[in-house]
Amino acid sequence: MQTFYNSSEVQRKEIAPGVTIRTMWGKKVMMSMVELAPHSIVANHSHPHEQAGLVIQGEFDMTIGGETRRLKGGDAYVIPGGVEHSVIGSDGWSLALDIFSPPREDYK
C-alpha cells in the first residue's frame, strides 16, 4: 500500500464527459480529486459508499436526495450511502476533493 502521493502524478480517469478523477486509497478510505469542466454533468446516481467532499475552487450545482445547492470554494457536503446525487458544472472549471468509505473498487 502506498503511503505518500504527489496528486499531480496520479493518472486521471474520466468518469463522465469533462469530469476526471485522480484517486488515492488505503484499506478503508479513498480520496478523489475531481476536476469538472464548464457545464459538465455527473448524472444522478447512488452507491453504497459514504461520500464527503470539499469544494477547493470554482463552483457547481449539486443535488443530494432531491435538494439542490450552488456550492463554491470552501463549501462541503456529506452524502450517506444509497442516496441519489448529481452535479452540474458552472461556467468555469471546478475542483473538489471527494472522500469515500469504503474505497470504491470501480475508481481504483
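I began with Arg22 and found its side chain reaching the backbone oxygen of Ser7 at 2.8 Å. I count a polar contact as a pair of N or O atoms within 3.5 Å; within protein, one must be able to donate a hydrogen and the other to accept it, and residues adjacent in sequence count only if both atoms are side-chain atoms.

The model is predicted, with local features needing pLDDT of at least 70 and side-chain atom pairs pLDDT 80 or more, while totals for chains, interfaces and linings use all residues. Residues are numbered from 1 along each chain as its sequence is written, and side-chain values use heavy atoms, without hydrogens and water.

Is Arg22 buried or exposed? I read 8% relative accessibility, so Arg22 counts as buried. My cut-offs are under 20% relative accessible area for buried, over 50% for exposed and partly exposed in between (1.4 Å probe, protein chains only).

I then listed contacts (heavy atoms within 4.5 Å). Beyond neighbours within four places in sequence, Arg22 touches residues including Ser7, Gln11, Met31 and Glu35.

Arg22 lies in strand 2. Strands are DSSP runs of E, at least two residues, numbered from the N terminus. Six of the seven residues of strand 2 are buried, so strand 2 is largely enclosed by the rest of the structure.

I traced an open sheet of six strands in the order 1-2-3-10-5-8, with antiparallel pairing. Strand 1 and strand 8 are the edges, each pairing on one side only. Pairing requires at least two DSSP bridges between two strands.

Strand 1 (residues 13-16) joins strand 2 over three bridges. Lys13 is the bridge partner of Ile21. Two residues separate these strands in their hairpin, where Gly18 takes a positive phi near 80°.

Strand 2 and strand 3 share seven bridges and run antiparallel. Val19 bridges to Leu36.

**Core**

Which residues touch the most other members of the largest nonpolar core? Among its 17 residues, they are Val19, Leu36, Phe60, Met62, Leu71, Tyr77 and Val87. Strand 3 gives the largest share, three residues. A nonpolar core here is a set of buried Ala, Val, Leu, Ile, Met, Phe, Trp, Tyr and Cys residues joined through side-chain atoms within 4.5 Å.

I finished on Phe60. Leaving aside neighbours within four places in sequence, its contacts include Leu36, Leu71, Tyr77 and Val87.

Note on methods: Helix = DSSP H or I, 4+ residues; strand = E, 2+ residues; numbered from the N terminus.
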